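Welcome! Let us take a friendly walk through one protein, from its overall form to a few of its residues.

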Amino acid sequence: MKVTRFYAWSDGESHFDEVEIPITDKVQDAAGGTILRSQEYPSPGVAFLELPAVYVEPRHNAPGLLVIAMLSGVMEVETSDGERRRWGPGEVYVANDVTGNGHITRIIEGPVRLLFAPPAEGFDVERWSM
């Protein structure tokens with residue numbers, strides 16, 4: 001599964017790229033069928049957020065590496081290099097611009113509900129493992 005990630009490059013600007021989350025672990029369900037899932041990762045705490053229908057958060061950095069799942073609404077992120085991307089319900093992205101010039105968050109259709117699932121310290125998002 002590919003997800004979008006934004007992070008700070010060495011020049012301090014935040015940029016988008018894609019990260020592949022391997023969904024290859026085979027798990028048997030209760031009926032004997034096989035489902036695929038990603039590798040689990042520990043999290044120091046999962047939280048739900050709700051952002052109001054009219055909301056713009058000025059340029060800021062992610063508070064830490066965050067895996068974010070959109071539950072409702074539509075949100076736009078503008079990286080410091082000027083590129084914009086939008087996410088809606090069911091989509092996942094990774095916020096990782098903890099340094100540099102940050103990003104701007106805008107609500108396009110709100111309110112927006114999010115699930116924040118930060119990985120534990122030492123998680124390598126590019127390898128999707130500890």
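How many helices and how many strands make up the secondary structure of the protein? There are zero helices and 10 strands, where helices (H or I, at least four residues) and strands (E, at least two) are DSSP runs numbered from the N terminus. Before going further, please note that this is a predicted model, in which local features need pLDDT of at least 70 and side-chain atom pairs count only at pLDDT 80 or more, while totals for chains, interfaces and linings use all residues. Residues are numbered from 1 along each chain as its sequence is written, and side-chain values use heavy atoms, with hydrogens and water left out.

**The overall form**

Along the principal axes, the C-alpha atoms fill a box of roughly 50 × 35 × 25 Å. Of the 130 residues, 40% count as buried. Buried means under 20% relative accessible area, exposed means over 50%, and partly exposed lies in between (1.4 Å probe, protein chains only).

Contact means heavy atoms within 4.5 Å. Among contacts between residues at least 6 apart in sequence, 67% join residues at least 24 apart.

**Strands that pair with β10**

Two strands pair if DSSP finds at least two bridges between them. Strand β10 (residues 103–116) runs antiparallel to β5, and it also pairs in the antiparallel sense with β6 and with β7. The table sets these pairings side by side.

| Strand paired with β10 | Bridges |
|---|---|
| β5 (residues 47–51) | five bridges |
| β6 (residues 56–60) | three bridges |
| β7 (residues 66–79) | 10 bridges |

**Salt bridges**

A salt bridge is a side-chain nitrogen of Lys or Arg within 4 Å of a carboxyl oxygen of Asp or Glu. By this rule the count comes to 12. One of them links Glu18 and Arg85, whose closest N and O atoms are 2.8 Å apart. Glu18 lies in strand β2 and Arg85 in strand β8 (residues 84–87), so this pair ties together parts that are 67 residues apart in sequence. Arg85 also meets Glu83 in a salt bridge, at 3.1 Å from N to O. Is Arg85 buried, partly exposed or exposed? Arg85 counts as partly exposed, because its relative accessibility is 24%.

Another salt bridge joins Asp124 and Arg127, with the closest N and O atoms 3.7 Å apart. Elsewhere, salt bridges that share partners join Glu76, Glu78, Arg84, Arg86 and Arg106 into one network.

**Two loop residues**

Pro42 sits in the loop between β4 (34–37) and β5. Which residues does Pro42 contact, leaving aside its neighbours within four places in sequence? They are Pro118, Pro119, Ala120 and Met130. Pro42 and Phe123 are 81 residues apart in sequence, yet their C-alpha atoms are 8.7 Å apart in space. With a relative accessible area of 43%, Pro42 is partly exposed.

Ile23 is found in the loop between β2 (14–20) and β3 (25–28). Its relative accessible area is 30%, so Ile23 is partly exposed.
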